[in-house]
Structure formats: structure tokens, C-alpha cells
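Subject: Structure handover

Hello,

Please find below the structure you are taking over. My notes on it come after.

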Amino acid sequence: MAKTFLGYPRENGTVGVRNWVAVVSVMDNCNPVTRAICAQVDGTIAVTTLFVRGQYGRDLEIAYNTLAGMGRNPNIAAVLLVGLEEQTTEEVARRIRPAGKPVEAVHLQPNGTINCVAEGTRRALRLVVRASNARRRSCATSELMLGVQCGGSDTTSGLTCNPVIGRLSDRVVEEGGTVIISETSEFFGAEHLFAARAASPAIAKAFTDMVVRLEREAMSQGMDIRGTNPTPDNMRGGLTTIEEKALGAMAKSGTSRLRGVLSYGEAPSSKGLHFLDAPAPAVENLTALAAAGCQLVFFGTGVGNPIGNMVSPTAKVSGNVNTLRTMADNIDFDASDILEKKASVGAVGDRLYDYAIEVASGTRTSSEILDVRETAISRFAPTI
Amino acid sequence: MPRAIVLHRNDNVATLIDAGRAGETCSLQGESAAEVKLLQDVPFGHKVCIRETPAGADVLKYGQVIGKASRSLKAGEHAHTHNVESARGRGDQAKR
């Protein structure tokens, strides 16, 4: 029997696990308006950003694609863009429209802050009323796109939360769904094992090329990356090298074949396991996963990193007994039975799968409820 | 008695899942059932060397190379950043 969850079917065949109206800043100078509208209107989420203005070339494309990708995410019922002027706003709007959802916009020029907030608040109100007509229905789990991430890792991550998330990944892929793993630098030392799982030599090469390119870029700075990755808290948690961290991090991907490789700002065009080339820090990486279309992210943590994403509900999994005690408010799923009670990864992973279906069906995560959520789009070049 | 996990039979380090004190005997689990006497305090989650490892030799965990010993390691020694070096992302060692 096909496995199901309760989701929001969308016009274009995708399924949301949440039903929000996204108020999206087209550039950084719009953030105050975005925040003011969201403070007034229940049922909205604020997707703010830094820069965009002054960016050009590849960076500007990445910024437009990432903002639009978050707008297209199936968790979003409708989008209200907050722009400074119409031309830039249109660059984002035209990338969201093919998803078939309402896309509206308000502008600071020539209306000014107060009028823009007022007009945006009215529009957001109407969009939320319309969005609230949607009802959850039984949907196939093959419609799920799961992002997997780790942050605030320690040596328990590779022993508990990451392999348990790997079991969840395998279940989602077995049921015809999609899983995205990213954090390119966290394959340094494990890339040979992951490349061996590629469905074709071309996919293996595309993945390996991304890892090699990033390592070369980092090395061109003339420094040891240790201290940045692994971070000081990773090392305090017992992780000694990036190789050790990578071997534990890769466990989140489970055991299935690697079906595709994506650039930052890109979305998968097929099901199964994908690799996304994105920087490892949590906020930036979660943003890339949300823009790729992940409806939810499962995030393994050892020493603890509470941050989540606005668009993709982010569930924290830890198997570190100390963190589960000191940061209990921030952790959604306890995987400590593996070390404390010798429970199998498979058994705890199957429990995590059941929990993931509940999250997909509406159970809220700590990072959503506490609103510990942030957005950051990668920037690779200076602004001008 | 503090516990430590050995993930692969070839590994020369084990990961402590309790905090260990110098002089305590640490019981190994997983791919080994031996014991090792801790020569130093080893915090929760940190690694202990379980086999003599000469300077420059590979340090193995998960049966994979996680770095090189930057000096010789004795069984029972805390194995971490002070005596294990990464081989990756080493721009500081790159030829200019």
C-alpha cells in the first residue's frame, strides 16, 4: 500500500507540508517593510535577504533564483514581493509565476514606507484569506522532497543522528520521493565513497568536480581550513579533522544511488537522491535546500545548532545525551538510544520516519514555534 | 568504567561515549572488546588511541583515513588536534 501524509496539493502537482503566504524582500532595503507586514498579518512568513542591489552576473542570478525558488516552494500558497522598484521585482516574479500560485508585489518607489506597509498589509490579508481555503488531503509520500543537513556537529553526529537521518533518507527514496544532501566542504575525505554511489560516471564526475573546485578555492587562500571547518565547537565536541567530520556527515544520505547533481539555486528535475553544491554553514545551506524545493529539512546536531529555515520546517535530531539535556528546547527528536541503549540505527531511523510523516502532516518543529529561523543567500563576489 | 566505540577492525582510534579520566580503564565496544588504560583525561566524544601509531602514519576511524599522526601516539593517549593533522584543505602547506 502506498504510504501517505496529509499535505496541501498545489496547482502544479507539488504538495506543501505548510500553507504560508511568503512576504519576500527583493533586496535588503525592503526588509523593514517585509517585517512590518509580517508582524501585522498572521499566516505569513518573512523571507528577508541581504544585498541583491549591487550584485551582478552569477551572484545576481543566484540571488534571483534563490528568492524565486523559496517563492516556488510548495509550502508557499502565495507570494507577496516587496520591492524598491518594479524592474528588479519582475526578475523575481517571472521566475515564480510558472508555479501557478498568486504572485503580487508592492513597491517603495514612489509610495514610501508607510504607504507600502499599508498596501502590503492589505494584500497579504487577502492572500492569507484565500490561502486558508486550502485543506490538507492524503498525498503520496513520493511527493516529499527532504533536505538533510547537519550543524553543530560532534563525534556523536556520525554515530547517531546522521545515520538515523540516513535511514529516513533511504525510506523516502524507497517510496519514490526525493532527498537532497549538500554542504560540499563536508565531503572532503569522504567523496570517494559518495562518488562510488553515483548512478553514472558522469554524475560521479560532476559531484567530484564540485568538491575539488571548492577545495582548490579554499587552498588558494594559503591557510589551513581547520578552525573554520571543523569549527571550534566541532573540535570541542571531539571532531579532529574535516575528513572525520565528512565521513560522519555523509551518513545522512543513507545508502541509495546518487541520481543527480545540482548547482546553488537549482531544483531537481527527477526523484531520488541528489547532491546540491552549497556552502556548509546552516543558514546559507538551509536557504539553498528551501530554494531547491525541499518541503522539510532534517538536521542532525551534536553540540547543538538551533537555527531553522523560514520556508522549509527544520527538525533537529540529536544523539548527544548532554545536548539533549542542555538544549532540550531546541531538539525535536532524541536519537540517544543508539549509544545509551544499544538500539539499532534502523529501529531509531524507522521511528524518525514516523515522526517525519507527522511533521509533513502538520506537527510543528521547535524552530518554527520559537521562530528561530533565518535566511542567507550565498554571495561569491563583491557588490558594485 | 568509561566506554569507547571502535567502528572498524582496522581503526587505531576509538570514540569515548563517556568522559574518561587519566588512569581509568576504558572498555571498548563495537568492533573490539578489549580494554585500554587512559594515559590522560579524554572528554566525552573525544578519541583515544588504541594502537601504537608512529608519527606520519594514517589515523583510521570508520576504517577510513581521518588524518595523519603529527607525532607518535601511544595506546591510551588522547588523539585530537594536538597530535592528529588533517590532510585536506591545507592551503598552508600548498606549494606556491
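The notes below take the chains in turn and then the interface.

Please keep in mind that this is a predicted model.

Chain A
The secondary structure of chain A consists of 15 helices and 14 strands. Its C-alpha trace spans about 60 × 50 × 45 Å along the principal axes. A compact globule of 384 residues would have a radius of gyration near 21 Å, and chain A has 20 Å, so the value agrees with that expectation. Of the 384 residues, 60% count as buried. Among the contacts in chain A with a separation of 6 or more, 69% are between residues 24 or more positions apart. The accessible surface of chain A is about 14500 Å², and carbon and sulfur atoms account for 52% of it. Chain A carries 39 positive and 40 negative side chains, with the centres of the two sets 4 Å apart.

One helix of chain A deserves a separate remark. Helix H10, residues 242-249, has eight of its eight residues buried, so it is largely enclosed by the rest of the structure. The buried residues of H10(A) include the charged Glu243(A), Glu244(A) and Lys245(A). Ile242(A), Ala246(A), Leu247(A), Gly248(A) and Ala249(A) are buried in H10(A) as well.

Chain B
Chain B has nine strands and zero helices. The C-alpha atoms fill a box of roughly 50 × 25 × 20 Å along the principal axes of chain B. Buried residues make up 49% of chain B. Of the contacts in chain B between residues at least 6 apart in sequence, 48% join residues at least 24 apart. Chain B exposes about 4500 Å², with 48% supplied by carbon and sulfur atoms. There are 14 positive and 11 negative charges in chain B, and their mean positions are 6 Å apart.

The interface
How many residues of chain B are in contact with chain A? The number is 30, and they are in contact with 35 residues of chain A. The size of an interface is often given as the accessible area lost when the parts come together. Between chain B and chain A, the buried area is about 2600 Å², and carbon and sulfur atoms give 54% of it. Phe44(B), Tyr62(B) and Arg88(B) supply 26% of the area that chain B buries against chain A, more than any other three residues.

Regards

How values were computed: Residues numbered from 1 in each chain as written. Chains lettered and ligands numbered in written order. Predicted model: local features only at pLDDT ≥ 70, side-chain atom pairs only at ≥ 80, totals over all residues. Heavy atoms only, no water. Helix = DSSP H or I, 4+ residues; strand = E, 2+ residues; numbered from the N terminus. Buried < 20%, exposed > 50% of the residue type's maximum accessible area, 1.4 Å probe, protein only. Contact = heavy atoms within 4.5 Å. Areas by Shrake-Rupley, 256 points an atom, 1.4 Å probe, with all protein chains shown as cover. Charge placed at Lys NZ, Arg CZ, Asp CG, Glu CD. Buried area = accessible area lost by both parts, 1.4 Å probe. Rg over C-alpha atoms; globule rule 2.2 N^0.38 Å.
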